[in-house]
Amino acid sequence: MNTKITDTIYYAGVDDKTIDLFESQYVVPNGVSYNSYVIMDEKITVMDTVDKRATDEWFSNIEKILDGKTPEYLVISHLEPDHAANIGLFAKKYPDTKLVGNAKTFAMLPQFFGDDFASRQVIVKEGDELCLGQHTLTFVMAPMVHWPEVMVAYDSKDKVLFSADGFGKFGALDTDEDWDCEARRYYFNIVGKYGAQVQALLKKAATLDIGIICPLHGPILTENLGHYIGKYDTWSKYEPENKGITVAYASIHGNTADAAKKFAEILKEQGEEKVSVFDLSRDDMAEAIEDAFRYDGIVFACATYDGGLFPCMEDYLSHLKSKTYRSRTAAIIENGSWGPMAAKHIRAALDEMKDITVIDKTVTIKSVMNESNITEMEEMAKELRKALGR
């Protein structure tokens, strides 16, 4: 991409298209970007470093932008290694550069680098300003979005919000894809647990005149900012984004899969426009989580396994709970050849989540779906859609 964001703010980040799993768990078919920025002013300021996978290219980008000059500050918005891995090397290369962070930043810094750089610390707190010359950065603390030391910075000159992991997405910058889809998958899987903290940050951001958002992953946002902010408002309130139903199944030999797919067909026949189906054994877990949050309805279809749940369903429910899944309407299909127990365990898991309504009707399959089960699923689909106000 063009390295110039404004007349004096430059992009110094790197695309990584060789990575297979982000954070060793999220599939990223189009890679990911590690974003870093440089503000060229009387006091040159670098905004964050990048992952160790991109060290050499990042330093090359920095050197080209600096053109022989020395930065005054390195602002550390977030200490996660995909953004902070090169702090030690940067500090060594530019020994006169000061490090800007909050008290929690510097408390954690030695855990990564064995040094808190005490003589070079510039400690900031909520509302503190740092004058760079024409630019002034105002710091806003964003604890648990999604680490405790996270902070964002607002540049009043160019109306730029350096938003840390907020408003980020998967995908390298040269990827032509819909922002909403990969930003949603990114949000719910990485930040999703901390909706209350995101709401607190959005309230602070609402007081700022923001013209550009510069996140630590994904594209720089310069137009229609209300759309992106609106998405974050909806997501962080755990409100359904769209009407629709996610059917997530855990099948051992394919019989529960057949039932789940049949139920999805029945939902469509009854008028449900958006139905997404996931094989939890094979499909991307992060996408299954994304759609669970996106839509207002969900169906869990699971085989009984060792008297409990088939492991991938247990994993799915655990992920949903950890991301604060709430305020949805659910239905259950269980399967068991001699002692069906899946529904009992699914209900127990959902009872630990907030405001989950499980409809009374449950379909129990004994080994293989039969005509009677299909009739029951037709009835359950009607009950589910009625509960959803369809």
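Modeller: Of the 390 residues in the protein chain, 57% are buried (under 20% relative accessible area, with a 1.4 Å probe and protein chains only). This is a predicted model, in which local features need pLDDT of at least 70 and side-chain atom pairs count only at pLDDT 80 or more, while totals for chains, interfaces and linings use all residues. Residues are numbered from 1 along each chain as its sequence is written, and side-chain values use heavy atoms, with hydrogens and water left out.

The protein chain has twelve helices and 21 strands; these are DSSP runs, H or I of at least four residues for helices and E of at least two for strands, numbered from the N terminus. The C-alpha trace spans about 75 × 40 × 35 Å along its principal axes.

Now the cavity. Three cavities of 30 Å³ or more are counted. A cavity here is a set of points on a 1 Å grid over the protein atoms alone, where a 1.4 Å probe fits but cannot get out. Points are joined across faces, edges and corners, and the volume is the space filled by probe spheres set on them. The largest cavity holds about 70 Å³.

Which residues line the largest cavity? They are Val 145, Val 152, Leu 161, Ser 163, Gly 166, Phe 167, Val 198, Leu 201, Leu 202, Ala 205 and Tyr 232. Each lining residue has an atom within 4 Å of a point. Helix H6 (residues 195-205) gives the largest share of this lining, four residues.

Note on methods:
Buried means under 20% relative accessible area, exposed over 50%, partly exposed in between (1.4 Å probe, protein chains only). On a 1 Å grid over the protein atoms alone, a cavity is a set of points where a 1.4 Å probe fits but cannot get out, and a pocket is an open set with protein on both sides within 12 Å along at least five of seven lines; lining residues have an atom within 4 Å of a point.
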